[in-house]
Amino acid sequence: MKIKLLFSGIAANCLVVAAGAMLTPASEAQTSNSLRSAESFQSISDERARSVALFEEAGKVIQHPRCVNCHPATERPLQGMAMHLHQPPVFRGEGGMGLVGMQCNTCHSEQNTPVIGQADTLKSIPGNPAWHLAPIEMAWEGKTLGQICVQLKDPKRNGDKTMEEIVEHMAHDDLVGWGWQPGDGREPVPGTQEEFGKLIQAWVNTGAACPSS
Amino acid sequence: MVTFTLNGEQRTFDGDPDTPLLWVIRDFEKLTGTKYGCGVAQCGACTVHLDGMPRRSCITPIAMIDGSDVVTIEGISGKEAEAVQAAWKGLDVPQCGYCQSGQIMSAVALLQILPKPTDDEIDGAMAGNLCRCATYHRIRAAIHNAAKSMEG
Amino acid sequence: MTIHDITPTRRAFLAGAGLVIGVAIAPRFLSAASTGIPAGGSGELKAMNAFVKIGPDDTVTVLSKHIEFGQGPFTGLATLVAEELDADWSQMRAVHSPTDNKVYANLSFGLQGTGGSSSIANAYEQMRKAGATARAMLVAAAAEEWNVPAAEITVEKGRIKHAGSGKESGFGAFADKAARQVAPADPKLKDPKDFVLIGTELPKLDTQGKTDGTAVFTLDIMPEGLLTAVVAHPKHFGAIVKSFDDGNARKVRGVVDIKLVPQGVAVYADNTFSALKGRDALTIEWDLSKAETRSSEELTVEYVRHFDEPGLEATNTGNVDEALRQQGLQTVEAQIVFPFLAHAPMEPLDAVFIKAADGSVDIYNGAQFPGFDQQVAAKILALDEEKVRVNTQLAGGSFGRKAQFGSPYMQEAASVYAAIGGDRPLKHMWTREDDIRGGFYRPMYAHKMRGAIDATGQITAWEQIIVGQSIMAKADLDSTSVEGASNLPYKIPNLKVISHNITLPIPPLWWRSVGHTHTGFAVETFVDELLTRVGRDPVEGRLALIDASSRHAGVLRKAAEMSNWGVTPPEGRARGVAVVESFGSFVSQVAEISVGSDGAPRVHKVWCAVDCGVAVNPNIIKAQMEGGIGYGLGAVLFDAITLGKGGKITQSNFHDYRSIRINEMPDVVVEIIKSAEKPTGVGEPGVPPIGPAVANAWRKLTGAPVRQLPIVSVISS
């Protein structure tokens, strides 16, 4: 399907922002929304320790519900900062695109769609041209950052990617990038995709060491 | 100006581009079989076929569907539609009936791809369609009956 | 809802004999349901009486005094008429009757109204008489025309015949002549053994339009020039508008006007989306000085505090306190907290107003008490009541939500219409958020139970304290708060039931099966717990506490038999049972469950036995049991309306007020007990047993009794 303009006027957007701020749960407000730069880790002289620290910083993104919700460990994606099961109940299906008759694109579009005049806790339906679940072998739900780290380096569990391809994916993939543009009413992952990409690049450059837990 | 086909006829819309397809179908095209139930893609009462696939019209801004093909309950046809509607009548599925257009649109789309779905496949395809009367038990049976009727 | 204490606020008027359906303007897309002309019908319908019209094409149209929102009165009432009319089912049609509190009174209420699962029960004889009367008038007309004795004429499957002369006709040819006959005062009704339609699974009359999208609901009425209005409501109960800024809202394309109304701020627009967008653009400051600002947790503390205070005595036999002090007994204590529940019918509340040339107004809506709506609207629109015609429409569910004293919804809708004035037709609608946050909930309740049982399974003492709002707004005992508990079916020598009425700014309402939604749960989980405490089987133990010949025992035995109760369920599964009488019908259910992948109960199968007297349409009865089980199960598993810190309503739409979905719906088997008792309702009685049946199975499976609803609220915490 073709997508054209979707945004309302500036005034309406301002209101949405104001309403969103009022309704943001405490847990969301407390979450840091910035990333340290890759350069700022230079002070850690031990390369392995630096590598682990870089990955832990990137972990603020990786373990953010915006990312984990679509890297579920079961057949069902999660939703929201509380990471509850997706409602309505949808299932992985072929290629992570949902089941026949109720695929992701029954509701999700190629871009975030504002919901106007309805629930104040549901201001938009998220969307992206590639909207789908990560394969089950790439599940992050319920895993520690250390486990996710090891998994990311394992070609059997990272989509057979080289580390260069991992960096490219993290730094430039459009669906990964959705995490920073999640639509009205949703907290974005911290920092920017560029900063995140640089953290991952620096982590790879320093030997891609993993946290112990 | 958005141009699309609705039940085979070319239509245009030049109102607010944010207007969800649901309200274009109902308020402007005066086709009322497609229902409003939640406005947030939770209940499925507004389900239509967009380029042959089930789609919740309540969260589909009209600007998004330029050039697309929209079919509503008033426009469905073909053996799956006939089988589903006959099966619905055979089991007297509807109670209040308000959600049933959406249920039928989802069921028809399912059978167009999976002519003989299992219970799990039915549940998977239909879990986005709420029925507060809880006619689910008969919906499941009616889809099986429709599938059987198409075998012959 | 129930039939308790319903009295008309004034004598109803009688307009034009009630036979003219008041469609002053036939808006576009009005179908049979709202024009009174049956689908496929043509020509003028002739009224045999207030309930039966016959068309020249032989169609018989039954005017249903009860609203059709899924429980089947169109089909049920038409069956009763057709039976005595000796009509063929294919010629039967049904439409809503006009509004008339006298002619179309619910004989259980004394005014026009649908509720309390009473449609078939109250109309059983009335509709049969209407059919028999029409039959007699057709026969009289045929006898006159054919010049033969009426006694020699037979009617079968819609054909009027005279064997001697070989003459035969359908109904249509005699409709005009029949309408001019004198109606017999007391037509003879059939002996039930001669029924040919009652008791058979006739296809429902409203199914066709509900499978092809042509059925017309209120939301579908779209006269030319229609304005659509929505109202911005507060998110706290009892809040009122302090000030508002509509500057941005007025700039929204399609917004026509904005007015302050008693219920909030109304936005009027040329189409629905403009109204919604305009409402979103309002800035409103609310005055919370009289609002409920306590959270659900704070309310629970307040409710529980009442357990230790003197309350209203509903039942007190024997001496509970003394019996509880006896030695050698097993005693159980339990507190159970029930949340507020929204009805959430698929079609949110709505109404359409169309002014006629003479200044009178037609209202199209789907409400359970159209007479109340008429009175309220007339007052607000400053019109005589006969200038306001309420045209009942098919409604997308109700479950009690559309049955309200004083018609508060109509007060809002009519106020919105009155505020803008003018001649444009207006549709007022609620969004799902308005519905979920709109109050009129099944009230929150807290129960405290104390019971004692001896080793033989004899329950010697039972005390139940029930704290919650009075649905009937009573200061003294409200029977709807204690029904099912105060008249406990089990033989217990020392029984005390106490009620406490709580007053809140959150408006309460009956919710499908009313008091039984909580008393059924409390009673049936508690008796189960007591029985199993002394090792008694839940079915045998219950049977020992009730008369073997009772209808209660009959459905319980039947459900046990259907489910092979004695047989051990597969590994990982457990079964629970419950039996509840409500609205004169008896229902027992056995539920087989396991722990689902999400940690919540997964209900696989439900066996349901129902005794509702004469089964007019077994197919509809089964459908109501299936639907009641699904409706009740969804609520028990998932649903709660909660107030957050500061009193703001937490839920707003189906994403946070869950409804049961097809993947959560169990397989259901229903059996109907054969009975010659007068028919009783089925709309509500399927609901109460499912919750306790599931909770009893859950306790057996996990060891954990359910003390807080919904069940998922306890599991996820």
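Read along the sequence, chain A runs through the pattern α-α-α-α-β-β-β-β-β-β-α-α-α-α. The model is a predicted one. In total, chain A holds eight helices and six strands. Of its 213 residues, 49% count as buried. The contacts within chain A can also be viewed by sequence separation: among those between residues at least 6 apart in sequence, 60% join residues at least 24 apart.

Attention now turns to chain B. The domain assignment divides chain B into domain 1, covering 2–71, and domain 2, covering 79–151. The C-alpha centres of these two domains of chain B are 21 Å apart.

How do the two domains meet? Contact between them involves 14 residues of domain 1 of chain B and eleven residues of domain 2 of chain B. Together, domain 1 and domain 2 of chain B bury about 1,000 Å² between them, and 56% of this area lies on carbon and sulfur atoms. Zero salt bridges are counted between the two domains of chain B, whereas six residue pairs, both residues at pLDDT 80 or more, are in polar contact there.

The side of domain 1 of chain B that touches domain 2 of chain B draws on two strands, E3 (47–50) and E4 (53–56), each of which supplies at least two residues. Strand E3 of chain B gives the most to this side, with three residues. By class, this side of domain 1 of chain B comprises six nonpolar, six polar and two charged residues.

Notes:
Residues are numbered from 1 along each chain as its sequence is written. Chains are lettered from A and ligands numbered from 1 in the order in which they are written. This is a predicted model: local features need pLDDT of at least 70, side-chain atom pairs count only at pLDDT 80 or more; totals for chains, interfaces and linings use all residues. Side-chain values use heavy atoms; hydrogens and water are left out. Domain bounds come from an automatic or database domain assignment. Contact means heavy atoms within 4.5 Å. Buried area is the accessible area (1.4 Å probe) that two parts lose on being put together, summed over both. A salt bridge is a side-chain nitrogen of Lys or Arg within 4 Å of a carboxyl oxygen of Asp or Glu. A polar contact is a pair of N or O atoms within 3.5 Å; within protein, one must be able to donate a hydrogen and the other to accept it, and residues adjacent in sequence count only if both atoms are side-chain atoms. Helices (H or I, at least four residues) and strands (E, at least two) are DSSP runs, numbered from the N terminus. Ala, Val, Leu, Ile, Met, Phe, Trp, Tyr, Cys and Pro count as nonpolar, Asp, Glu, Lys and Arg as charged, and the others, Gly among them, as polar. Buried means under 20% relative accessible area, exposed over 50%, partly exposed in between (1.4 Å probe, protein chains only).
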